[in-house]
Amino acid sequence: YRPSPTNDQNYHFSTGPSDYNAWAPLQNLAVGASQCGYMGNSVSNVSTSWLVSFHKGKEDTADSPTSFAVFTRVSATVWTAQPTGSCSASSNVASLRDAATGTLYGYYSLPFHFTLTAR
């Protein structure tokens with residue numbers, strides 16, 4: 001989502017494979033199947049950009065305290081995503097970093113449950 005063509009406020013989500021789990025495109029998952037991967041988002045304003053990450057980038061290490069994002073295909077047209085499941089030692093934990101410097105500002109409980117529906 002890019003609300004501002006001037007780039008003074010931009011946000012995005014990204015998903016994909018972790019170095020620690022196999023990955024298939026979400027549309028190729030079998031109904032009832034789940035997979036673990038990364039999820040990250042960026043939030044920025046005029047002066048600062050922040051990265052909120054679940055096993056993405058610098059957080060994708062074997063001993064990461066962040067959760068994996070778990071993607072499940074519920075039906076032919078519906079998927080869910082949430083940061084909890086059997087592939088992760090922790091649940092609902094994301095990191096917060098400064099996008100420009102990579103400075104870690106800590107780990108935070110950030111539960112969510114997204115439902116994705118194909119159109």
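Buried means under 20% relative accessible area, exposed over 50%, and partly exposed in between (1.4 Å probe, protein chains only). This is a predicted model, in which local features need pLDDT of at least 70 and side-chain atom pairs count only at pLDDT 80 or more, while totals for chains, interfaces and linings use all residues. Residues are numbered from 1 along each chain as its sequence is written, and side-chain values use heavy atoms, with hydrogens and water left out.

Strands (E, at least two residues) are DSSP runs, numbered from the N terminus. Five of the six residues of β6 are buried, so β6 is largely enclosed by the rest of the structure. Two strands pair if DSSP finds at least two bridges between them. The pairings of β6 are as follows.

| Partner of β6 | Sense | Bridges | Bridge partners |
|---|---|---|---|
| β3 (residues 49–54) | antiparallel | four | tryptophan 50 and aspartate 98 |
| β7 (residues 104–109) | antiparallel | four | serine 95 and tyrosine 107 |

β6 and β7 form a hairpin with five residues between them, and glycine 102 in the turn has a positive phi of about 80 degrees.

One disulfide is counted, where a disulfide is a pair of cysteine sulfur atoms within 2.5 Å. It joins cysteine 36 to cysteine 87, with an S to S distance of 1.8 Å. This pair links distant parts of the chain, 51 residues apart: cysteine 36 lies in strand β2 (residues 34–44), and cysteine 87 in the loop between β5 (78–82) and β6 (93–98). The torsion about the S-S bond is about -105 degrees, so the disulfide is left-handed. Cysteine 36 is buried at 11% relative accessibility, whereas cysteine 87 is partly exposed at 24%.
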